[in-house]
Amino acid sequence: MQALLLVVHIAGSILFVGGSAIATSLFPRYAPLAVTTAERSHAVAAALHRITRGYSIAGLIVPAAGLVLAVMQGRTMQLWVVLAMILTAVAGGLLALQIYPRQRDALATPGDQAGLRTLSILAGVYNLLWTAIVVLMVVQPGSGAAG
């Protein structure tokens, strides 16, 4: 059972978290602006917005499987697991409360480059949070497993 949970956790991370990270990063490039340019595409931006939502919802399996796995292994109070859970909550909050709503607004009302620049920065922070989580998963500080 633990092996299955680990596979779900890792595969879900790659497919769903990775997919949402790519979609959030690409969205500002294609989001419509008040001043139209050739590379902007409302259809592409709308598809990236749907991918952000769909993959993020599917990605909820990642922390769920990770938490069940941590409970089964008795690791819920290890530093790296606690930090990973906190960073996961921060990443999820950033996505749900800032990135996704800003994408929706950018599709509804084409804005300016500054608003999309902010969205790019938020996407970068989202990706950095997930990178930090991956580092924690590999290094496992405080567990005695780091080598």
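The secondary structure of this predicted model comes to 5 helices and 0 strands, so reading along the sequence simply gives α-α-α-α-α. The C-alpha trace spans about 55 × 25 × 25 Å along its principal axes. Of the 147 residues in the chain, 35% count as buried. As for who touches whom, take the contacts with a separation of 6 or more: 77% of them pair residues 24 or more positions apart.

On to the inside. The largest nonpolar core has 28 residues, and those with the most contacts inside it are Phe27, Ala31, Leu94, Ile99, Leu116, Tyr126 and Trp130. Leu94 makes a handy example: setting aside its neighbours within four places in sequence, Leu94 is in contact with Ile99, Leu122, Val125, Tyr126 and Leu129.

Then there is the pairing of H1 with H3. These two helices pack at an angle of about 155 degrees, with their axes 8 Å apart. Since angles over 145 degrees count as roughly antiparallel, that makes H1 roughly antiparallel to H3. Their crossing is left-handed. On the H1 side, the residues involved are Gln2, Leu5, Leu6, Val8, His9, Gly12, Ser13, Phe16 and Val17; they meet Ile61, Val62, Ala65, Gly66, Val68, Leu69 and Met72 in H3. Sorted by type, the residues of this contact divide into 11 nonpolar and 5 polar, with no charged ones.

Technical notes
Residues are numbered from 1 along each chain as its sequence is written. This is a predicted model: local features need pLDDT of at least 70, side-chain atom pairs count only at pLDDT 80 or more; totals for chains, interfaces and linings use all residues. Side-chain values use heavy atoms; hydrogens and water are left out. A nonpolar core is a set of buried Ala, Val, Leu, Ile, Met, Phe, Trp, Tyr and Cys residues joined through side-chain atoms within 4.5 Å. Buried means under 20% relative accessible area, exposed over 50%, partly exposed in between (1.4 Å probe, protein chains only). Contact means heavy atoms within 4.5 Å. Axes are lines fitted to C-alpha atoms, for helices over the stretch in contact, and angles run from 0 to 180 degrees between N-to-C directions. Helices (H or I, at least four residues) and strands (E, at least two) are DSSP runs, numbered from the N terminus. Angles under 35 degrees count as roughly parallel, over 145 as roughly antiparallel, 65 to 115 as roughly perpendicular and the rest as oblique. A crossing is left-handed if the near helix is turned anticlockwise from the far one by less than a right angle, and right-handed if clockwise. Ala, Val, Leu, Ile, Met, Phe, Trp, Tyr, Cys and Pro count as nonpolar, Asp, Glu, Lys and Arg as charged, and the others, Gly among them, as polar.
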